[in-house]
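Notebook open, viewer running. I'm jotting down what I look up as I go, starting at the ligand.

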Amino acid sequence: MADKPHQNLAVIGHVDHGKSTLVGRLLFETGNVPEHVIEQYREEAEEKGKGGFEFAYVMDNLAEERERGVTIDIAHQRFDTDEYYFTIVDTPGHRDFVKNMITGASQADHAVLVVAADDGVAPQTREHVFLARTLGIGELIVAVNKMDLVDYSEDTYGEVKADVQKLLQQVRFRSEDASFIPCSAFEGDNIAERTGNMPWYDGPIILEALNSLPEPQPPTDAPLRLPIQDVYTISGIGTVPVGRVETGTLNVGTNVSFQPSDVSGEVKTIEMHHEEVPEAGPGDNVGFNVRGIGKDDIRRGDVCGPADDPPTVAETFQAQIVVMQHPSVITAGYTPVIHAHTAQVACTFESLDQKIDPASGEVSEENPDFVKSGDAAVVTLRPQKPLSIEPSGEIAELGSFAIRDMGQTIAAGKVLSVNE
Ligand code: GDP
């Protein structure tokens, strides 16, 4: 499995349209439901005198477990296909989805949008598509599901497809990045095999579409950006900051700078999985030691970069945000906590610059007095303590953040520009 490229896949769509069933079906068809689980279900099925052991039985059990609140949270499920090794990342609706997605913990490369053929575009279809676009996913596979409930009708499929296409246009999702597949997750039509129930469809089935997704490109030519998670003191070595390399490479012998703490020094050693290594690249979790830097010189939330191309420290920054859930309204002066990479810093809404219509992506109001749940907006934020943050996608993927208040994520955002 490990030799295949890895893809993070989000499965999005309105509640009850079949996301869990589709994921269950994919795990089952690709042989990724653990053998002992299948064995256990098979035994139970026999005991209960159920004849054929089949998908429905697996799903019933998974559904029962879900009702009992046991396991089948579709987030973090894994399966592999001929081409890729997939991890299902948090789905919208999952409590920490927004926070995890934007802080990079579960950044999705691509997404499957599940739309039930008997229900069509529903409120969360709209919301998730908008969120996926705002937070930047690559390709979208639109699974028009539950085709068995509409007599496998080509006309119904055509209508649902047209409605989804209209929605994608509204949020300006590039139509060439979306593909449509009529299927039934429950019956298994067009998931891993063509069952002959939809002879009018000759496009790719779900597994084929997953296999032909473009391979995610690791960000290699970007400068080093390594947000610091913790700082340890290890006897015999000294101060050891640890974190995950987001972009670029960390090399022994080079000069690095920590921002906003504003200290620099030469990298003496790098350790990964308890072994010394000469360099580390994107995705690597490392501990390292820098000449002359003590435990109190740096802290969690600092970003490490090359001394000659250090991470930016923002005086203010402009960002596009989506307000997920706020009990009242957000006005200028509001100061919640921003979670960006490993940093948590209180930031004041200095100005509300534009309100954006979530459906069209167009500016609907300049300098609005307030924004509320469901709104998208461009705002200017002022960190109350030094914060290293950079435009999203420009230098490194460190420009996504969550806005938290009252113990919950109230908004998600991406940095558009930074004033140093
Ligand atoms: P989720 O909320 O989007 O994860 O939806 P679920 O996967 O939990 O499915 C909701 C209900 O629809 C369940 O009762 C499923 O058995 C049913 N369902 C899912 N996919 C299909 C399908 O392709 N055909 C039919 N007939 N029912 C389905």
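**Ligand site**

Asp-148 puts a polar side-chain atom 2.7 Å from a nitrogen atom of the ligand. For Lys-146, I get 3.0 Å between an N or O atom of its side chain and an oxygen atom of the ligand. Asn-145 has a polar side-chain atom 3.1 Å from a ligand oxygen atom.

Before going further, I noted the ground rules: this is a predicted model, where local features need pLDDT of at least 70 and side-chain atom pairs count only at pLDDT 80 or more, while totals for chains, interfaces and linings use all residues. Numbering runs from 1 along each chain as its sequence is written, and side-chain values use heavy atoms, with hydrogens and water left out.

How much of the ligand's accessible area does the protein cover? I get 78% of the 580 Å² that the ligand has on its own (Shrake-Rupley areas with a 1.4 Å probe; for residues, only the protein chains shown count as cover).

Then I listed the shell, taking a residue as near if one of its heavy atoms lies within 4 Å of the molecule or strand in question. There are 16 residues around the ligand, and Asp-16, Lys-19, Ser-20, Thr-21 and Asp-148 come nearest. The shell splits into four nonpolar, seven polar and five charged residues. Helix α1 (residues 19-29) gives the most to the shell, with three residues. Helices here are DSSP runs of H or I with at least four residues, strands are E runs of at least two, and both are numbered from the N terminus.

**Aromatic pairs**

Next I searched the whole structure for ring pairs and found seven. My cut-offs: rings of Phe, Tyr and Trp (its six-membered ring) pair if their centres lie within 6.5 Å, with planes under 30 degrees apart stacked, over 60 edge-to-face and the rest tilted. Tyr-84 and Phe-86 have ring centres 5.9 Å apart and planes at 75 degrees, so I logged them as edge-to-face. Both Tyr-84 and Phe-86 are buried (buried is under 20% relative accessible area, exposed over 50%, partly exposed in between; 1.4 Å probe, protein chains only).

Tyr-334 and Phe-349 are another pair: centres 5.7 Å apart, planes at 25 degrees, so stacked. Tyr-334 sits in the loop between β18 (329-330) and β19 (337-340) and Phe-349 in strand β20 (residues 343-356), so the pair ties together parts 15 residues apart in sequence. Tyr-334 is buried at 16% relative accessible area, and Phe-349 is buried at 1%.

Gln-259 and Pro-260 are joined by a cis peptide bond, omega about 5 degrees. Pro-260 is in the loop between β10 (255-259) and β11 (263-272). Asp-262 is in the loop between β10 and β11 too, with phi near 65 degrees. Asn-190 also has a positive phi, near 60 degrees, and is found in the loop between β6 (178-182) and α7 (206-211).

Are these two buried or exposed? Asn-190 is buried at 4% relative accessible area, while Asp-262 is exposed at 56%.

**Two threonines**

Leaving out residues up to four places away in sequence, Thr-312 touches Leu-387, Ser-388, Ile-389, Glu-390, Val-418 and Glu-420 (contact is heavy atoms within 4.5 Å). Thr-87 lies in strand β3 (residues 85-88) and is buried at 8%.

**Whole chain**

Last, I took the totals: seven helices and 26 strands, with 50% of the 420 residues buried. The chain exposes about 19200 Å², with carbon and sulfur atoms supplying 44% of it.

How values were computed
A polar contact is a pair of N or O atoms within 3.5 Å; within protein, one must be able to donate a hydrogen and the other to accept it, and residues adjacent in sequence count only if both atoms are side-chain atoms. Ala, Val, Leu, Ile, Met, Phe, Trp, Tyr, Cys and Pro count as nonpolar, Asp, Glu, Lys and Arg as charged, and the others, Gly among them, as polar.
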